[in-house]
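Hi,

Here is the structure I promised to pass on, with my notes on it below. I hope they are handy when you open the file.

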Amino acid sequence: SKFVKEQENDLEPMFTQASNEALNAFGDGRCFVEKYVVSPRHVEVQCLGDGTGNVVHLWDRDCSVQRRHQKVIETAPAQGVEESTRQAILNDACRLLQGAKYLNA
C-alpha cells in the first residue's frame, strides 16, 4: 500500500520508484500490484466442524471497525450485504471447510 495509482500513466513511474525503494531497503526490488479497495469491509463467518466433513455456519458478522488491526465492534449479521451475496459467502465458507475436514469452532 505504498502508492495508489489514480491515472493510467502513473503506474510505471510509481512501480519503478517502489521497486527501487524495496531494492535499497531489502536488497530485493520485486514488487506486486494489487487492486485498491476504497471502502473495504471485513466480514467473517463463524463455523463449527467435527473433523469428518460436517460443517455448519453460525452466520456472518461485520468486523470492519478496527483499531490497530484489532476488532472494536462486531455487528451480526453484517449490514448492507445483499442476501444473494450473504448466501454465497456462507455456502463457500462451509464448502471450503468441509473439504479441509475442519475441526474446531
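A polar atom of the Arg86 side chain lies 3.2 Å from the backbone oxygen of Ala78; a polar contact here is a pair of N or O atoms within 3.5 Å, where within protein one must be able to donate a hydrogen and the other to accept it, and residues adjacent in sequence count only if both atoms are side-chain atoms. The backbone nitrogen of Ala78 is 2.9 Å from a polar atom of the Asp60 side chain. The side chains of Asp60 and Arg86 also make a polar contact with each other, at 2.5 Å.

Please keep in mind that this is a predicted model: local features need pLDDT of at least 70, side-chain atom pairs count only at pLDDT 80 or more, and totals for chains, interfaces and linings use all residues. Residues are numbered from 1 along each chain as its sequence is written, and side-chain values use heavy atoms, with hydrogens and water left out.

Asp60 sits in strand 2 (residues 55-67), while Arg86 belongs to helix 2; strands (E, at least two residues) and helices (H or I, at least four) are DSSP runs, numbered from the N terminus. Asp60 counts as buried because its relative accessibility is 4%, and Arg86 does so at 10%; buried means under 20% relative accessible area (1.4 Å probe, protein chains only).

As for the core, Cys47, Val55, Ala93, Cys94 and Leu97 form the largest nonpolar one, meaning buried Ala, Val, Leu, Ile, Met, Phe, Trp, Tyr and Cys residues joined through side-chain atoms within 4.5 Å. Helix 2 (residues 83-99) gives the most to this core, three residues.

Best wishes

Key. Buried means under 20% relative accessible area, exposed over 50%, partly exposed in between (1.4 Å probe, protein chains only).
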